[in-house]
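Reader: I am new to this structure. Please show it to me, and then take my questions one at a time.

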Amino acid sequence: MAWFRKEKQKLTAADKRELPSDVFEKCPECGEILYRNRLEQNLWVCPACAHHHRIGAEAYVSLLMDEDGFTETDAELRSGDPLKFRDLKPYPERLKSAERKAGRGDAVITGYGPLDGIDVNLAVMDFSFIGGSMGSVVGEKISRAARRALLQEEGLIVVSASGGARMMEGILSLMQMAKTSVALAQLQEARLPYISILTNPTTGGVTASYAMLGDVNLAEPGALIGFAGPRVIEQTIKQELPEGFQRSEFLLEHGMVDAIVDRRAMKSRVAGYLRHMLGLPRSEVAETA
Amino acid sequence: MMASSPLDFDKNIRELEAQIERLQGLARDGGLDADSEVGTLESKLKDLKKNAYGSLTPIERVQLARHPNRPFTRDYLERTFTDFMEMHGDRLYRNDESILGGWARLEGRTVMVIGHQRGRDMKENLHRNFGMPHPEGYRKALRLMHQADKFGHPIITLIDTPGAYPGLGAEERGQAEAIARNLREMAALRVPTISVVIGEGGSGGALALGVTDRIIMLENAVYSVITPEGCAAILWKTADAKDKAAEALKLTAPDLKALGVVDDVVPEPTGGAHGDWDGVADALRETLARHVRELEAMDRDDRRRARWRKYEALGEWREPAPA
Ligand SMILES: [Zn+2]
């Protein structure tokens, strides 16, 4: 094994510059140079060290949902500009360039369909759209997904990845925390299951609302999860943060998440928890380990 | 008192006040009659105040909202309410001094009052952690809200915080979870709930006491998703742009009323709440009593549904054009 790795590293050092980035990707954790195809097949988990690379929102939808079963909802919803907000750029311009870059109209995909044969409602956040920030559209779409769960008497699953509030929507951004929590309060009273999946990074207003409110909170390994960002904390306490602070493993130790789950096992774990909560029999296909 | 004012825009006012005081002193010591001069200066002072406070810029309102001589939660408990009986602790970890809470009476009617408590000087601020709660503060607040719900009494919260504390212990003990849980549980409460932003409403740390049937603001209070300083540093790349950020964030009481977030604004006396604690406390009592009466007249389930509808409507988005 050792000789093989060495040879690979030699290739790496020589061709590093010329490696086209659409074919190869370097793992930031272990330094391995990985074929993007291979990485994609492995759900963007490094085959060498299991580091969880960032994964697109669509890819997350397909890794959770049964094949061809997902119906997207509210894809056409677009944010207004309630404050007529303008910093160095007007907000509508930021929205437009974010849409061009991310290929969608805001920072979340919502929809419904079967997951291991169980009908669920799903929301997956997209960090590539203005840092996964929560504005009116994110709040509205997640609330609608929760309301649909309520009407259909189904479960809700939210996959979070967010830097927090959408500053350009000011107080209305803050109020999306309240709005989504109002929807979750109704799910709670209706005794419907809600599973929150936290991915890297989940901070600020999203953590301090729906991301922490799951009946089951699941975190991907090594994800940054917290209320305040690490820089803000360092500035406040005027010391360096300890190793591993605000990572998934830290949250598990402090009782804030139920389990850390490898992305490649996420679907079967989610299905397993749902089957327990809903009183359904064990899956024929999925593992619950 | 005014000599220690941190405001930039009332410098002229403070200078004139000092001048009047000097003149009065001279007249007294010398046995002279300076009444007419003092009278002239006093009417000039009145005009100056009217001008300065009549056209406050957003960043000036932020400064006013943070004014150390503004009445805090404790001051309203002594004036707007009677019979306050404080309760301590979250029953889980410790008592957080940056949030006060307990039973009180509003015009004789029992209510639960919970509010952020800032300090007026460094010693008090260290004790109160600058009004920045840890998770245990929010958990104490929730414990008291559930108690009010159990006994069917209205809940009034007073919001006055730069934000939830961003520290090691706060993160370890689940700051985000504590805030999130409060949001969801406040949505579910069955009693009338009213929040009042009395000073600075700083982001999630403010909202954690703020999911209520009615949201009220004092005229010079501010409520924002981020401080103007923080917003300027991120979006303008310099904290010097805090004036522009304050303007852009639409964080004043009239702005929030226009956006449909705030239901009612309590006017402050000319010169701001710090100039007349009793006056603003009386005005707040009248406003609160009116809202409590209105909310108590509603059916319990209708009231809660109206609360949900209110939050469901917040935000601005465009639906697709019909095909
Ligand atoms: Zn790796």
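**Strands, helices and the contact between chains**

Author: To begin with one residue pair, A:T203 stands opposite A:G226 in β10(A). This is a predicted model, in which local features need pLDDT of at least 70 and side-chain atom pairs count only at pLDDT 80 or more, while totals for chains, interfaces and linings use all residues. Residues are numbered from 1 along each chain as its sequence is written, and chains are lettered from A and ligands numbered from 1 in the order in which they are written.

Reader: How many bridges join β8(A) to β10(A)?

Author: Helices (H or I, at least four residues) and strands (E, at least two) are DSSP runs, numbered from the N terminus. Two strands pair if DSSP finds at least two bridges between them. β10 of chain A covers residues 225–226 and runs parallel to β8(A), and the bridges joining them number 2.

Reader: How many residues of β8(A) are buried?

Author: A residue is buried if 20 or more other C-beta atoms lie within 10 Å of its own, exposed if 12 or fewer, and partly exposed in between, with C-beta atoms placed from the backbone. β8(A) spans residues 194–203 and is largely enclosed by the rest of the structure, because its buried residues number 9 of the 10.

Reader: Which residue of β8(A) is the bridge partner of A:I157?

Author: β7(A), residues 155–162, and β8(A) pair in the parallel sense over 6 bridges. Within β8(A), the partner of A:I157 is A:I195.

Reader: Which element gives the largest share of the side of chain A that touches chain B?

Author: Two residues are in contact if their C-beta atoms, placed from the backbone, lie within 7 Å. By that rule, 50 residues of chain A are in contact with 45 residues of chain B. The elements of chain A that give two or more residues to this side are β4 (78–79), α5 (136–152), α6 (170–189) and α7 (230–237). The largest share, 16 residues, comes from α6(A).

Reader: Which residue is the bridge partner of A:S79 in β9(B)?

Author: β4(A) pairs with β9(B), residues 317–318, in the antiparallel sense over 2 bridges. The partner of A:S79 in β9(B) is B:W317.

Reader: Which residue of β4(B) is the bridge partner of B:I114?

Author: β3(B), residues 109–116, is mostly covered, with 6 of its 8 residues buried. β2(B), residues 99–106, runs antiparallel to β3(B) and is joined to it by 8 bridges, with B:I114 as the partner of B:G101. β3(B) is also joined by 4 bridges to β4(B), residues 155–161, and these two run parallel. In β4(B), the partner of B:I114 is B:T157.
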